[in-house]
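Visitor: Please show me the complex before we start. I would like to go through it by question and answer.

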Amino acid sequence: MTVARGVAPLLPLEVETVRPDPVAPQVWEEVELTDADQELRKELLDTWGDNPGLWGWLRSTSHLSIAKRYIITAFLFFGLGGLEAGLIRLQLSQPENSFIGPDRYNQIFTMHGTTMMFLFAVPVMVALALYLVPMMVGARDVAFPRLNAYGYWVYLIGGLFVYVQFLLNTAPDAGWFSYVPLAGPEFSPGKRVDTWAQLITFTEIAALVAATEIIVTVFKHRAPGMSLNRIPLYVWAMVVTSFMIIFAMPSVATGSQFLAADRLIDTHFFNHAEGGDSLLWQHLFWFFGHPEVYIIFVPGLGIISAIVPAFTRRPVFGYPVMVLALVTTGFMSFGLWVHHMFTTPIPQLGQSFFTAASTMIAIPTGVQIFCWIATIWAGRTRFATPMLFVIGFFVVFIIGGVTGVMVASVAFDQQAHDTYFVVAHLHYVLLGGAVFPLLAGVYYWFPKFTGRMLSERLGKWNFWLLIIGVNVAFFPMHILGLEGMTRRIYTYLPETGWGPLNAVSSAGAVIIVVGMVVFAINFFWSLRRGKTAGENPWGGETLEWATSSPPESYVFMYLPVVKSRAPLWSEGSERVVVGGLRSDVRDTLTTTLMDAEPDHRQSSPAPSIWPLMAAVATGVMFISAVFTPWGLVVGSVLLFFALFFWGWPDKADQAKRLAGESEATA
Amino acid sequence: MKRAGVRAVVAAGVAGALVLSSCERENRGYGEEPAGNPADAASLTPLQPGPTIRVTAGRGPYDENAYKVNEGKFLYSAMNCVGCHANGGGGMGPALMDENWIYGSDPRQIFSSIAQGRPNGMPAWGTRLSNDQIWRLVGYVRSMSGQLRKDVAPTRSDDMFYGPSEQRAKELTPKNATGATER
Amino acid sequence: MRQSSRLWPSFRRTVIALTALLGACIVPGNESAFNPAGPQAGRISTLWWFMLAAATAVWVVVMVFLAWAVRRSRQRDQALREPAGDASMQRGVVVGGALTVLILTAFLIADIATGRALGALPRKNALRVEVIGHQWWWEVNYIDPTPGRIVTTANEIHIPVGEPVQIIGSSPDVIHSFWIPNLHGKKDLVPGHTTSTWLRADKPGVYRGQCAEFCGAQHSKMTALVIAEPRPQFDAWYNAQLASARPPSNPVTARGQDVFLKSSCVVCHTISGTLAAGTLGPTLSHVGSRLTLASGSLPNTPGNLAAWIVDPQRIKPGTRMPSSNMNQADLQALVTYLESLK
């Protein structure tokens, strides 16, 4: 059999239109595998593959399949969140519309925000990283494969839980930020807000798991020779994101458990009559909430840095400055949270500090943008759909960025806070700064995931519909906000004069929906009929392009050794690889932190059902905690057993290893 | 493919069942009023001529509606029920969180007590509160002695703490005026 | 291939069309931060225009450079690899970074200057108005050291033109936010805290503002009106409010008052000079003089008042006011009576 393997692609590539019949791309050549390679491949497939059928699927710990599930689940939630947005825009398209009543509307806009922020944006970014980061650093899997599986199942269970509650009229209805006292025990009866509080727990556990995986994989499992200054910028972005997750998530977890406790067991964290304070909630939530938006945005920056080199044929200019910008953004994002509270009764002197910090954070992002523009200038640019979305990022995100600097100012925020101006700002930065890069990444890495190219023609339609739709839908909201339209209203009077701009905005929403439908069509059609892609259809420079498309379960037949930042561009067709790792057991290589010198061989665990069991136990624990505090006790017992069996040594694997070792040393 | 089809049908069935059993607990029911005035139908005492007819305690229309019961809690302090009944412990008026019900613990009997007024100072609220408002109060009053499910009963208010919330109230078996228990 | 040159004309046309469309849609009406009627909103508006100009310039400049970079790069045969071009790129990034810092510093200075100006509003002899946010209406008390001169009203705040007003905000239930875009920024009313905002209206008019912090089912219909009028008119209004509600002057209004006192209205509403002293809902002592009903949801007309009394849930689902089922004649009398309370 033959395996297509990429040639160092320094040739200019033209944009190709998609034809229905697959045409073998001309960039790469077919390479014959030697017999020894064939043997090795069979053995590796045996070692690293999953068992067949449903049982194998449930037990899988391969980062490739976990990440794919994660991404698909996240996109399903994106669709649901988009539906909710569509309903909101339908209701608001006319004054005094009676399409949706106030109670249902409150649930819908809360679910829109909660779904998009907790169930789509963060999970999809970490999922993409869970797929790509190990490959980009030359590892076969993440550092803790079973924990990775656990993280996915916990996320899935949490997401299913909140949507089942939605079907039961028990969706949270106090906003995605759930301010007390409205979300407190007196003003939100029933179990809606409790559902929200426990959803936070599920998504927070999943995010922390993913962050741990990324950090340890990047720090300890890099290919030999990939010193810290040779790590791809996308990987740096994900490391920064992961550290942000680790520091930010506990804050909202604490806050949500305080809220759950106030509602369930009569604590008084937010009860000012007994010494608590509503503002405590705001601080706890926004200390998480502001880094959260950077957790969503920084991976977008990483994706841009991954795509620009392939389409400009040169590395991104100013690598050290780019890394510094990412790290600075990460740090500074923790110093901004009070800008969400400028209209609350907190001292004004402190507010000014946060204005300064919120203004300053534009500097590292600005520098990154200048470096990308410089890269484009110095490169030889060609356009395909991923690059179109990159340009779209510049256009849309910068609008959001400048309105962000506007609302960073206390004086102006007094007018703009909690109005549609902020809605416009946040959608510009999230759509421009996260969704556009994400779609660029999907178009870019789809060949790697599936072995097929997405249609360029549909991709162009997707892009243009989306960029037009986003601007038509959200630009009028800037004006609406400053004309007095506040957020979270289910209707408005005709006398306010907000009708025409709302109608325009709703029309824009329709365009966005059409654009995303085109994306879905492109996705499903190309899965079956897309042009076959080789290993490296775009001519990328990072290690994920040195695997087959889609990667086989073992990812790298031989673990690479790198000597530069752009391994696939500078190392020609002769590659140095790691020797001495066994292929009959799951062996990985651990390297040192700074210079990635080989340190020791690490065994990777076999597939296991216990992560799923532990996730179910976690689910039982937190779902029953919505109704009774005893749920935590019962769930803990179940979790204990699940973890007990999770950690049970795999005697067969150990025996196989020892047998192999004594053979090797004999 | 066939397995996928079976799975899809099962999933749809579960989703459908869930939707149909859509939670009464969270139903806001704005503008809905329970029909009729039950004050006429409720008897105040099990004593009557002829053979004894066992009275089984009924259910209030809002026994499963956390929103309405919480609104009842709001009305309880807004209408100054706390002035005589405190937060269930009583004072000038009888305690509402114990098992003794002078005029009956059936929801319709509680409704009558509130609507018609009672001797020794209980005002007649029938002309001042709508049926819906009185039913909310009935639900809340019942929650004080743990008659409602834990997920329906209200939790603490954002005021100074006076004791465990109704959600944590012990469920007490009501005794009617003659000391006989009603269930 | 020729995409960049095909993009530009259509892009230009789109920009022009959108600007025209949006220009047509910006109607600086009453409720607008674009239409300041007082110094506070005026200063914020100045800041806004400065920031808008700077932000637009920044975006345009970056887009121009991006377009130029794309065009330049498509003219190349080969990408420049380091160290070729590094010096000029470095210059470009450094200059860009420096300009960014400068512009952002300008923003910061502008913001701090505006903040200080906002705090420097002269406060002598300010009118003190206490605004209490309820779910879902505004209680308004004019503070006066003489208790007999305290005016209590709801949802509509009259202020004298050209004089400073201190709005003292609080909330007994959830967080609300008092906001009149024409006059000043918003201030949250947080339970357990008392907030204070200073504003002044320099032009007479009716200024509308909605509650700006999500507060539950009818957050959408919690509107406050600030009516700025010259001092003599304000004094006349104030004295009229101080007086007790007008007693009924004809059989219809007498019947109306009778209906009011005998039905559930008295449980929640106050009409000064009668036995009705409920404080759960807005005071109705001078409801006939208000411009709107139900916290700005309806214009104050007899028809609307009747509709509101009969079925408030239809207009504001979730409001605490119950429906009533009084007969037509009673309703008519009640409405006539209430409308007579000017």
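**Between chains A and B**

Guide: Start with the polar contacts: in this predicted model, 10 residue pairs, both at pLDDT 80 or more, are in polar contact across the interface of chain A and chain B.

Visitor: Which helix of chain A gives the most to the side that touches chain B?

Guide: Three helices of chain A, α4 (102-136), α5 (145-167) and α7 (233-265), each supply at least two residues of that side. With four residues, the one that gives the most is α7(A).

Visitor: Which residue of chain A does the side chain of E26(B) meet in a salt bridge?

Guide: The rule finds five salt bridges across the interface of chain A and chain B. In one of them, at 3.5 Å from N to O, the side chain of E26(B) meets that of R192(A).

Visitor: How much area do chain A and chain B bury between them?

Guide: The contact involves 30 residues of chain A and 29 residues of chain B. Of the area buried between the two chains, 50% is on carbon and sulfur atoms. The total is about 2500 Å².

Visitor: Which residues of chain A lose the most area to chain B?

Guide: Together they account for 23% of what the chain A side buries. They are E186(A), P189(A) and D266(A).

Visitor: In chain C, which residue of β8(C) stands opposite Q166(C)?

Guide: Strand β5 (residues 165-170) of chain C pairs with β8(C) in the antiparallel sense, over five bridges. In β8 (residues 195-199) of chain C, four of the five residues are buried. Opposite Q166(C) stands W198(C).

Terms used
Residues numbered from 1 in each chain as written. Chains lettered and ligands numbered in written order. Predicted model: local features only at pLDDT ≥ 70, side-chain atom pairs only at ≥ 80, totals over all residues. Heavy atoms only, no water. Buried < 20%, exposed > 50% of the residue type's maximum accessible area, 1.4 Å probe, protein only. Pairing = 2+ DSSP bridges. Contact = heavy atoms within 4.5 Å. Buried area = accessible area lost by both parts, 1.4 Å probe. Salt bridge = Lys/Arg side-chain N within 4 Å of Asp/Glu carboxyl O. Polar contact = N/O pair within 3.5 Å; in protein donor to acceptor, adjacent residues only side chain to side chain.
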